[in-house]
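Reader: Hi! I'm new to reading protein models. Could you walk me through this one?

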Amino acid sequence: MRRVVSALVFLPFFILLVRFGSPDQFVVFLSLAVAWAAWEFFRLIGPPGFLGRWAGVLAAVGLLLTLYLIPHLPLSLALWGVVLVFFSAGPWLPKGVWAALKGYPALVAGVLLIGATFGSLALLRDLDSGWRHVFFLFLVVWGGDTAAYYVGRSLGRRPLLSKVSPQKTVEGAMGGLAGSLVGALVGWAWFFPFFGWGQAVVAGLLLGAVGQLGDLSESALKRAAGAKDAGVLIPGHGGILDRADGILFAGPVFYAAFRWWQIG
């Protein structure tokens, strides 16, 4: 019930901001989200001390603003590629590897992960009719996340990756992909009917899979830190990182894929 209530409180504000706010206003919102998410990350495995964490927070926000104000596609693609490959390995690495990254190495990793990936959302919103792209992305990822949660709770039997997250199941993952596919088809019908439905299917499956990988990566991070949730900002959901983990991975992939389709 808390998950539903939180969604009912947050969604109207988010929808109005994305649809009627300017790209600059959206970036202000993203800056606040980046600051909070970075603080959560550094609280888990970041440097000790107040000043070190605040330095990381400011650096993450600075990276977001840099990507938005000085867009450079090849550089962004290279940065996203390095970040996503590095963190995608998290669920399969020994727990001790993450523990070894605690402190200042995690400061660099957190700045890159959070600042760069949230930056992809800023670039999406800055596209022509960018609100359509943002809504499509969130429909796909959050549709998959919601389906995975409820299918896993009701039908889940076989563990997906028990050493990372005992509650995630194969059935939940399959349900999540189905939910992402439905979200992509709904988003295609609402926002991109001028594209082929086949592109919506590919986008739904790709972004759904990448979003689940982001969820697993954040679970590996929490496991290494011995924490159940990254934060407590959103009742029933945890913190910003808990709610945005799939978006952080899917955002750069969607922006890169869309630009490729447009150019190609």
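Reader: What pLDDT does the protein average?

Author: The protein averages a pLDDT of 87, and 89% of the residues score at least 70. pLDDT is the predictor's confidence in each residue, from 0 to 100. This is a predicted model, so local features need pLDDT of at least 70 and side-chain atom pairs count only at pLDDT 80 or more, while totals for chains, interfaces and linings use all residues. Residues are numbered from 1 along each chain as its sequence is written, and side-chain values use heavy atoms, with hydrogens and water left out.

Reader: Where is confidence lowest, and where is it highest?

Author: Confidence is lowest in helix α5 (residues 95-100), at a mean of 66, and highest in helix α8 (residues 170-191), at 95. Helices are DSSP runs of H or I with at least four residues, strands are runs of E with at least two, and both are numbered from the N terminus. Where pLDDT is low, the predicted coordinates should not be read in detail.

Reader: Okay, new topic. How many salt bridges are there?

Author: A search of the whole structure finds three. A salt bridge here is a side-chain nitrogen of Lys or Arg within 4 Å of a carboxyl oxygen of Asp or Glu. In one of them, R243 meets D145 at 2.0 Å, N to O. R243 lies in helix α10 (residues 240-263) and D145 in helix α7, so this pair ties together parts that are 98 residues apart in sequence.

Reader: Is R243 buried or exposed?

Author: R243 is buried, with a relative accessible area of 16%, whereas D145 is partly exposed at 26%. Buried means under 20% relative accessible area, exposed over 50%, and partly exposed in between (1.4 Å probe, protein chains only).

Reader: And what does D215 form a salt bridge with?

Author: D215 pairs with K168, and their closest N and O atoms are 3.4 Å apart. D215 sits in helix α9 (residues 197-225) and K168 in strand β2 (residues 165-169), so the pair joins parts 47 residues apart in sequence.

Reader: Let's go inside. How many residues has the largest nonpolar core?

Author: That core has 66 residues, and F26, F41, I114, F118, L121 and L137 have the most contacts inside it. A nonpolar core is a set of buried Ala, Val, Leu, Ile, Met, Phe, Trp, Tyr and Cys residues joined through side-chain atoms within 4.5 Å.

Reader: What is L137 in contact with?

Author: Leaving aside neighbours within four places in sequence, the contacts of L137 include L121, L207 and F254. Contact means heavy atoms within 4.5 Å.
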